Amino acid sequence: MQRVMFVSSTGGHLNELLQLKSLFKKYDYTLVTETGKNNKELKNKYDNVYYLLYGTKDHMATYPFILLANCFICLFIYLKRRPDYIVTTGAHVGGVMALIGKIFGSKVIYVETFANIHTKTITGRLVYKFADFFIVQWKSMLDLYPNAKYGGWIF
């Protein structure tokens, strides 16, 4: 059975990623997200759930340290689970895991967030350069990501 890692930051990115939960039963899956009040119950609902440290770029004093720590945690999780594919909706932790996966030979599937209709996300800009499959949810985003595939809304 193929191993698939689903990765996102908490909040809206995680809500989008969980729209793909019907795929979980088709693969040996891993779910990776940040800690948060609203997603503590994920371990009760799903197998192989891993949490990263929560941190946003809005907290610039601590964000670099949290991001660095998450890089090491992502590497540990990746080496433990060794996925064939990484599916991510972003943001920062999704980009980190996508890059680690690409370095170690996983296929990377990136789904650009539904929230952006006319602008690129920071993570999308970075991951677009190396993703094996890049999906946008709005046709207007094909102008910004010409090699992307329009997949429609995942909601």
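**Salt bridges and a buried glutamate**

At 35% relative accessibility, Asp 132 counts as partly exposed, because that class lies between buried, under 20% relative accessible area, and exposed, over 50% (1.4 Å probe, protein chains only). The model is predicted: local features need pLDDT of at least 70, side-chain atom pairs count only at pLDDT 80 or more, and totals for chains, interfaces and linings use all residues. Residues are numbered from 1 along each chain as its sequence is written, and side-chain values use heavy atoms, leaving out hydrogens and water.

Asp 132 has a charged partner. Lys 102 forms a salt bridge with Asp 132, with the closest N and O atoms 2.9 Å apart. This pair links distant parts of the chain, 30 residues apart: Lys 102 sits in helix α4 (residues 92-104), Asp 132 in the loop between α5 (122-128) and β6 (133-136). Lys 102 is partly exposed too, at 31% relative accessibility. A salt bridge here is a side-chain nitrogen of Lys or Arg within 4 Å of a carboxyl oxygen of Asp or Glu. Helices (H or I, at least four residues) and strands (E, at least two) are DSSP runs, numbered from the N terminus.

How many salt bridges does the structure hold? There are three. In one of them, Asp 84 pairs with Arg 3, with 3.5 Å between the closest N and O atoms. Again distant parts of the chain are linked, 81 residues apart: Arg 3 lies in strand β1 (residues 3-8), and Asp 84 in the loop between α3 (63-81) and β4 (85-90). Both ends are partly exposed, Asp 84 at 27% relative accessibility and Arg 3 at 30%.

Arg 81 and Asp 28 also meet through their side chains, in a salt bridge of 2.9 Å, N to O. Arg 81 is in helix α3 and Asp 28 in strand β2 (residues 28-34), 53 residues apart. Is Arg 81 buried or exposed? Arg 81 counts as buried, because its relative accessibility is 17%. Asp 28 is partly exposed, at 27%.

Now turn to Glu 112, in the loop between β5 (107-111) and α5. Glu 112 is buried, yet has no salt bridge. Its nearest side chain of opposite charge, Arg 125, is 7.5 Å away. What does the side chain of Glu 112 make a polar contact with? The partner is the side chain of Thr 121, at 2.8 Å. Such a contact is a pair of N or O atoms within 3.5 Å; within protein, one must be able to donate a hydrogen and the other to accept it, and residues adjacent in sequence count only if both atoms are side-chain atoms. Beyond neighbours within four places in sequence, Glu 112 is in contact with residues including Glu 16, Phe 134, Met 141 and Tyr 145, where contact means heavy atoms within 4.5 Å.

Conventions: Lys, Arg positive; Asp, Glu negative; His and termini not counted.
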